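Student: I have a structure open and would like to go through it piece by piece. Can we start with the loops and then move on to the sheet?
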Amino acid sequence: MDKSLREFLRELEEKGLENDARATERPRMMLNLEPASAQLISILVRASGVTRAVEIGTSNAYSTIWLAWSLAPAGGKIVSIDRNPDKHALARENLRRANFMDRVELRTGDAAEIVRQLEGPFDLVFLDADRRNFPEQIQILLPKLSWKALVIADNVLSHPEEIGEYLKLISSLPDFQHTIVPVGKGLSIAYRG
Ligand SMILES: C[S@@+](CC[C@H](N)C(=O)[O-])C[C@H]1O[C@@H](n2cnc3c(N)ncnc32)[C@H](O)[C@@H]1O
């Protein structure tokens, strides 16, 4: 990663933390992925060569920029969904600054409604939004996955109750390997391939 992108991501990390310490309402929080989790996801994406990603929960595009950079060598693209139009305005500005607008399609609206409209196939799903709805979202996405697919969800350790149903579902899927990695807020990583 070049120095200017690394510095931009650091700037977003710092601003995100400062913002979230001040913000009183959740819609105004950035709630960015922990840097160590972003690094692990990036390594998996680059090592596996996946190219068609869907992200649920864009926020200000911190994780989207990590994904875009990780998918770029393989020519990959991302659809990133958020229901908050203010967050998508910020995301658009940050993606422009990082020069990744050509790799990312931002779709604003409720995740379940939008994933229903998406065609696929996708070989990477990153779930980082409303955890209680992850089961519904992944059920809609499962038929739209390519055979080889990576499915990652955040906040396993920080919100075990909210994510419990999803973990039951994803760990019971035949053909998928599944593990939980205690990095950042806890990542659920499932892989079929
Ligand atoms: C934890 S933040 C995403 C952080 C981002 N992935 C990052 O690391 O920079 C969760 C985001 O999901 C969005 N969100 C929550 N529920 C949603 C839903 N049902 N549909 C679409 N977006 C949703 C929120 O507006 C919020 O911006």
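Tutor: Asn99 is a place to begin: Asn99 sits in the loop between helix H4 (85-98) and E3. This is a predicted model, and in it Asn99 has a positive phi of about 65 degrees although it is not a glycine.

Student: Is Asn99 buried, exposed or partly exposed, and why?
Tutor: Asn99 counts as partly exposed because it has 15 C-beta neighbours inside 10 Å.

Student: And Asn155, what is its phi?
Tutor: Asn155 has a positive phi of about 75 degrees, and it is not a glycine. Its loop runs between E5 and helix H7 (160-171). Asn155 has 24 C-beta neighbours inside 10 Å, so it counts as buried; the cut-off for buried is 20 or more.

Student: Where is the cis peptide bond?
Tutor: It joins Gly120 and Pro121, with omega at about 0 degrees. Pro121 lies in the loop between helix H5 (111-117) and E4.

Student: What about Ile43, where is that?
Tutor: Ile43 is in helix H2 (residues 35-48). It has 11 C-beta neighbours inside 10 Å and therefore counts as exposed. Between the C-alpha atoms of Ile43 and Arg97 there are 23 Å, and the two are 54 residues apart along the chain.

Student: Back to the strands. How do E6 and E7 run, and how many bridges join them?
Tutor: Strand E6 (residues 177-181) and strand E7 (residues 187-192) run antiparallel and are joined by five bridges. Val181 stands opposite Leu187 in E7. The two strands form a hairpin with five residues between them. In that turn, Gly184 has a positive phi of about 55 degrees.

Student: How many bridges join E5 to E7?
Tutor: Five bridges join strand E5 (residues 145-153) to E7, and these two run antiparallel. Ile152 stands opposite Ile189 in E7.

Student: Which residues have the most contacts inside the largest nonpolar core?
Tutor: Ala53, Ile65 and Val125 do, in a core of 52 residues. H3 gives the most to this core, with seven residues. In general terms, nonpolar side chains in soluble globular proteins tend to be buried together.

Student: What does Ala53 touch?
Tutor: Leaving aside its neighbours within four places in sequence, Ala53 is in contact with Leu67, Leu71, Gly76, Ile78, Phe122, Leu124 and Phe126.

Student: How many residues of H3 are buried?
Tutor: H3 is mostly covered, with 10 of its 10 residues buried. Among them are Tyr62, Ile65, Trp66 and Trp69.

Student: New topic, the ligand. How many residues surround it, and which are closest?
Tutor: The ligand is surrounded by 18 residues, and the closest are Leu33, Gly57, Tyr62, Ser63 and Ala129. Helix H3 (62-71) and strand E2 (77-82) each supply at least two residues of the shell. By class, the shell has six nonpolar, six polar and six charged residues.

Student: Last one. At what angle do H6 and H7 pack?
Tutor: Helix H6 (residues 134-141) packs with H7 at an angle of about 30 degrees, and their axes are 8 Å apart. H6 contributes Phe134, Pro135 and Ile138, while H7 contributes Ile163, Glu165, Tyr166, Leu169 and Ile170. These contact residues divide into seven nonpolar, no polar and one charged.

Key: Residues numbered from 1 in each chain as written. Predicted model: local features only at pLDDT ≥ 70, side-chain atom pairs only at ≥ 80, totals over all residues. Pairing = 2+ DSSP bridges. Helix = DSSP H or I, 4+ residues; strand = E, 2+ residues; numbered from the N terminus. Near = placed C-beta within 6 Å. Nonpolar A, V, L, I, M, F, W, Y, C, P; charged D, E, K, R; others polar. Buried ≥ 20, exposed ≤ 12 C-beta atoms within 10 Å, placed from the backbone. Core = buried A, V, L, I, M, F, W, Y, C linked by C-beta atoms within 7 Å. Contact = placed C-beta atoms within 7 Å. Axes fitted to C-alpha atoms, helices over the stretch in contact; angles between N-to-C directions.
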